[in-house]
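Hi everyone, thanks for making the time. Let me put today's model up on the screen, and then we can walk through it together.

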Amino acid sequence: MTVQRDALLAARYRGVRTVETDGRRVTYATDAEMVAALTDLERRIAAANEGGRRRRILTSASKGL
(Lines give C-alpha, C1' and ligand atoms only; values in the text may rest on other atoms or scores of the structure.)
Protein backbone atom coordinates (compact mmCIF):
# COMPACT_ATOMS: atom_id res chain seq x y z
CA MET A 1 0.00 0.00 0.00
CA THR A 2 2.87 2.37 0.64
CA VAL A 3 4.10 1.80 -2.92
CA GLN A 4 0.65 2.71 -4.23
CA ARG A 5 0.55 5.82 -2.03
CA ASP A 6 4.00 6.94 -3.14
CA ALA A 7 3.13 6.42 -6.82
CA LEU A 8 -0.12 8.32 -6.39
CA LEU A 9 1.62 11.21 -4.63
CA ALA A 10 4.32 11.38 -7.30
CA ALA A 11 1.73 11.45 -10.08
CA ARG A 12 -0.27 14.13 -8.31
CA TYR A 13 2.81 16.33 -7.84
CA ARG A 14 3.65 15.95 -11.54
CA GLY A 15 0.09 16.85 -12.51
CA VAL A 16 -0.57 13.45 -14.08
CA ARG A 17 -3.89 11.71 -13.49
CA THR A 18 -2.86 8.20 -14.59
CA VAL A 19 -1.03 5.97 -12.12
CA GLU A 20 0.38 2.51 -12.80
CA THR A 21 1.39 0.16 -9.98
CA ASP A 22 1.66 -3.62 -9.92
CA GLY A 23 0.59 -3.84 -13.56
CA ARG A 24 -2.65 -1.94 -12.88
CA ARG A 25 -3.34 1.38 -14.51
CA VAL A 26 -5.82 3.77 -12.91
CA THR A 27 -6.88 7.09 -14.40
CA TYR A 28 -8.52 9.61 -12.08
CA ALA A 29 -10.99 12.10 -13.52
CA THR A 30 -10.29 14.88 -11.02
CA ASP A 31 -7.80 15.88 -8.37
CA ALA A 32 -10.53 15.35 -5.78
CA GLU A 33 -10.66 11.66 -6.72
CA MET A 34 -6.91 11.43 -6.24
CA VAL A 35 -7.20 13.07 -2.83
CA ALA A 36 -9.94 10.62 -1.84
CA ALA A 37 -7.77 7.69 -2.92
CA LEU A 38 -4.81 9.08 -0.97
CA THR A 39 -6.97 9.55 2.12
CA ASP A 40 -8.21 5.97 1.88
CA LEU A 41 -4.68 4.61 1.46
CA GLU A 42 -3.42 6.64 4.44
CA ARG A 43 -6.27 5.30 6.58
CA ARG A 44 -5.55 1.71 5.55
CA ILE A 45 -1.82 2.08 6.17
CA ALA A 46 -2.46 3.55 9.62
CA ALA A 47 -4.85 0.72 10.47
CA ALA A 48 -2.33 -1.88 9.33
CA ASN A 49 0.40 -0.29 11.45
CA GLU A 50 -1.84 -0.37 14.52
CA GLY A 51 -2.40 -4.07 14.08
CA GLY A 52 -6.11 -3.53 13.75
CA ARG A 53 -6.58 -3.00 17.48
CA ARG A 54 -7.54 0.19 19.18
CA ARG A 55 -6.73 0.81 22.78
CA ARG A 56 -9.38 2.03 25.12
CA ILE A 57 -8.63 3.06 28.66
CA LEU A 58 -11.53 3.36 31.06
CA THR A 59 -11.21 5.19 34.34
CA SER A 60 -13.54 5.36 37.29
CA ALA A 61 -13.52 7.14 40.62
CA SER A 62 -15.34 6.72 43.88
CA LYS A 63 -15.47 8.73 47.11
CA GLY A 64 -15.74 5.53 49.09
CA LEU A 65 -19.14 6.33 50.57
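Leaving aside its neighbours within four places in sequence, which residues is threonine 21 in contact with? Before I answer, a word on where this comes from. This is a predicted model, in which local features need pLDDT of at least 70 and side-chain atom pairs count only at pLDDT 80 or more, while totals for chains, interfaces and linings use all residues. Residues are numbered from 1 along each chain as its sequence is written, and side-chain values use heavy atoms, with hydrogens and water left out.

So, back to threonine 21. Its contacts beyond those neighbours are Val3, Gln4 and Ala7, where contact means heavy atoms within 4.5 Å. Threonine 21 belongs to strand S1; helices (H or I, at least four residues) and strands (E, at least two) are DSSP runs, numbered from the N terminus. With a relative accessible area of 15%, threonine 21 is buried. Buried means under 20% relative accessible area, exposed over 50%, and partly exposed in between, with a 1.4 Å probe and protein chains only.

Please look next at the loop between strand S1 (18-21) and strand S2 (24-27), where you will find aspartate 22. Most residues other than glycine have a negative phi. Aspartate 22, however, has a positive phi, near 55°. Its relative accessible area is 72%, so aspartate 22 is exposed.

Now for the two helices. Two packed helices are described by the angle between their axes and the distance between the axes. For H1 and H2 the angle is about 155° and the axes are 10 Å apart. Axes here are lines fitted to C-alpha atoms, for helices over the stretch in contact, and angles run from 0 to 180 degrees between N-to-C directions. H1 and H2 are therefore roughly antiparallel to each other, a label for angles over 145 degrees, with under 35 called roughly parallel, 65 to 115 roughly perpendicular and the rest oblique.

Which residues make that contact? On the H1 side they are Thr2, Gln4, Arg5, Leu8, Leu9, Ala11 and Arg12, and on the H2 side Asp31, Met34, Val35, Ala37, Leu38, Leu41, Glu42 and Ile45. They divide into 9 nonpolar, 2 polar and 4 charged. In that count Ala, Val, Leu, Ile, Met, Phe, Trp, Tyr, Cys and Pro are nonpolar, Asp, Glu, Lys and Arg are charged, and the others, Gly among them, are polar.

Leaving aside its neighbours within four places in sequence, arginine 5 touches Leu38, Leu41, Glu42 and Ile45.

The largest nonpolar core has 8 residues: Leu8, Ala11, Val19, Tyr28, Met34, Ala37, Leu38 and Leu41. By nonpolar core I mean a set of buried Ala, Val, Leu, Ile, Met, Phe, Trp, Tyr and Cys residues joined through side-chain atoms within 4.5 Å. Helix H1 (2-14) and helix H2 (31-50) are the elements giving two or more residues to this core, and H2 gives the most, with 4.

Last, two alanines. Alanine 48, in helix H2, is partly exposed at 49% relative accessibility. From methionine 1 it is 47 residues away in sequence and 9.8 Å in space, C-alpha to C-alpha. Alanine 61 lies in the segment after H2 and counts as exposed, at 79%. Alanine 61 and leucine 9 are 52 residues apart in sequence and 48 Å apart in space, C-alpha to C-alpha.
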